[in-house]
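Please read it alongside the sequence and the structure shown here.

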Amino acid sequence: MVNQFDTSGSSTRQFQESFLKKSNEFDLALLILVLGKNLLWIILFFVLGITGSFLYLRYTPPQYESATVLQIATSNPANQVLGVEDFYQQDLAHEIELLRSNTFTERALKRLNLEVSYYTKGQFLNTEVYNTAPFRLEVSNVSPVIYGVPVYITFHENYEVWVSYMLGEKSEYMSFKKEDPVILPHFHIRVFVNDSIYPQIIQDAKLLNENSYFFTINPPDIHSQFTERVRVDILNPTAQTIRVSYHDYNSLKAMDIVNAIGEEFITYDVEKKAESANRILSFIDDQLEIVYTRLRNTESALQSYKVENKISEDEKVSGVFINRLDKLQEDLTSLELDESILNEVEKSITGSKEIDVYKLLPILAGAKYENSIANMVNNMQDMLNKKQSAFYNVTPNSEEVKALNYQIDIQKKLILESIKSFKEKLSLRKKNLTAKINEIEGKFYKIPAEEMEYARLQRLFTINEKFYTLLLEKKAEHSISKAGFVSQNTVLVMGKRSSVPVSPERDVVYATGFLAGLILSFLLIAVRYFLHNDITSVYDISRTTQAPVLGIVPKYHKEIPVTQLLVDKNPKSLLAEAFRSIRTNLQFINSDPAGKVIALTSTISGEGKTFVAINISGIIAFTGKKVILLDLDMRKPKIHLGFGVENNNGVSTILSGKDQVSACINKSFYPNLDFITAGPIPPNPSELIISAQMDQLINYLKNEYDTIIIDTPPVGIVTDGVTLIQRADYPIYIFRANYSKKYFTENVNRLMTDSHIGKLSVVLNGVDLTKLRYGYSKYHYYQGYGYGYSYGYGYYSDEKSENHSGILGRIRRKINV
């Protein structure tokens, strides 16, 4: 038969409806109940969070920070005095990238002795003894395979030193005297120890593990590891101040590294400025050498000509022609100088892929086209800076970099084309000046040849002498400027050794552990709250169904005996009083004196239906009424187990006509209480229950007994019991606290509406009153014929009261929650 009350097919849908309803309706009592049940888990989460924080702080090596503050300045006092242009202009962004670069870090770390790192071995953590180790090492001829491998060193009597290490599965060991040069398979070593502290080292080795010291040889590119931990930040763009900080497990090492960076930054600034001045001086020296050669040649020619032709210093030539030729010759020399400058610039641009503006601009110093070309070069340098910055965000093959490369190529072509145009203009001017010089010289045909030649030689000598003097003046100016290159960058704050670690932060770690415990507790409570689908109190029943609650049955904390009849064991117990209350409340369901049939059912097996049936039978029988208990749960009979009899005959044999009713009635050990077992399991229990023989059996028993109590099958599994529930004068539906699901109450509503069982009432079995005593008030109340009971205030005896007194009892109550 199809079970219209089957819960298995619709349990998912009913659970979803229950979840949605719970999401929209906050249940404070349920939340308190869930909190109580999971109190130990919550405490455990917080303990684990705090313990985890403690262990993290205990076994995580602390990191210390040291920082230095630099101020960037661009003025050069010598340049300001002499009026010499400063071609080395500093940019804040450029300086920051310089400080972050591997190349600069490598230069700075060369100031420190980082070739070897010294450590002391601890039980859990190793400690670096930077610059405080009681010994010093010199290593050479290092094989790359030994980089980073711990090499243990111990000191013994008579200045004997032992060194050992493991490389793969092979161990190496050697003993030697201190300061002796030793050749090991992978490196050469010398150990230096101060004689005055050597005895103390031996004493420490005896007190501690003899392998308390070890060292590692660092690779040449160790600076790259330090670069990653260097942090450069702008403090004040207006004041052009930069903060350089470094984190390390050794505070002294962190201080030395930031101070080395600051010192190297000042040194690098002076070197960079001097490099620009050196470039200018080198160009001037080249020109001086050329001009000096010309000057010496013209001077020799002039002197020889004077001797040969016996020309005295007092002899003069036409001043007009000489002055004009001097002026034209000076202009021609200036053009030749500009042309050589343009050739040098063109050579620098075409000779390398990357253009160094700070090397290129000094070449243009004093050139006629200096401003025009310098502007184009500066524009190209801006594009190169953008390209360099883009590498931090994109790859070299990205579209952004390709676009910048294209713009740089265009700018480079523009510079070269401009230089070509300037050179063409210079060539044209040189040609015109040469023609004018030849024209003036052609007019000297009336002047004697000796005087004419002398005038020409005198003119060339004067020009070369003036040009040579000019170059000497420029060299002097730039030499003085170079001497004035004292870096204007300033170290405002030197790095200091910190005694307070910056990581891990104690308060933050403990707060994180506490927060982790809080989050886990919240998630646990939220999950348990929203997934909680068990009936825990009468309130869960009364808010979803109109069926009256006949009563509640307290949870029996001891082991239930096989008979399951408990009301006779302690008549003054809460359990006995609960069944008396149910017996009393039955009169409110049906006041008809002829009402004799009580039928009990439930949704599924295990909700205590048989337990309640047996104890209701006993509590009614104690009033003197004749009671008979029928086991109609023929698929899973239990009544015979409760009374300790065989199940050879019973209801199934009566309904099938094999036995008479009187032959199947069993007498219990209690007066006025009889029972009929289910009998052998039949193949057709549903047909037997709805047969006419069932009606005949009930009518027969009504004549013989005052009350008939029927233990019917669960209606949530089969429909056998629905017919019996409809026929009963007192239909009772059993729920079990913390076992029955909340959506089981839908079966009660369907029985009342679809099956028209208006007299159906509910009993909540297995209620733990120890929780209700400390729970929310609405758990004490149930809708129906009466109220709940106060828990253990002296009127009723309680089989568990001795276990709930004192401190131990309170602890147990918390655990039970």
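## Salt bridges in the predicted model

A salt bridge is defined here as a side-chain nitrogen of Lys or Arg within 4 Å of a carboxyl oxygen of Asp or Glu. In this predicted model, the structure holds 19 salt bridges.

## R111 and E264

R111 and E264 form a salt bridge in which the closest N and O atoms are 2.9 Å apart. The two residues are 153 residues apart and link distant parts of the chain: R111 occupies the loop between α6 (102-109) and β2 (116-120), while E264 belongs to helix α9 (residues 251-309).

R111 has 38% relative accessibility and therefore counts as partly exposed, whereas E264, at 6%, counts as buried. Both residues also take part in a network of salt bridges that links R107, R111, E263, E264 and E271.

## K253 and E128

A salt bridge also joins K253 to E128, with 3.2 Å between the closest N and O atoms. This pair links distant parts of the chain, with K253 in helix α9 and E128 in strand β3 (residues 127-128), 125 residues apart. K253 counts as buried at 6% relative accessibility, and E128 is buried with a relative accessible area of 15%.

## K609 and D633

K609 forms a salt bridge with D633, the closest N and O atoms being 3.6 Å apart. K609 lies in helix α18 (residues 609-621) and D633 in the loop between β16 (627-631) and α19 (639-643), so the contact ties together parts 24 residues apart in sequence. Both K609 and D633 are buried.

## F522

F522 is located in helix α15 (residues 506-531). Its relative accessibility is 58%, so F522 counts as exposed. F522 and I42 are 480 residues apart in sequence, with a C-alpha to C-alpha distance of 8.7 Å.

Definitions and conventions:
Residues numbered from 1 in each chain as written. Predicted model: local features only at pLDDT ≥ 70, side-chain atom pairs only at ≥ 80, totals over all residues. Heavy atoms only, no water. Helix = DSSP H or I, 4+ residues; strand = E, 2+ residues; numbered from the N terminus. Buried < 20%, exposed > 50% of the residue type's maximum accessible area, 1.4 Å probe, protein only.
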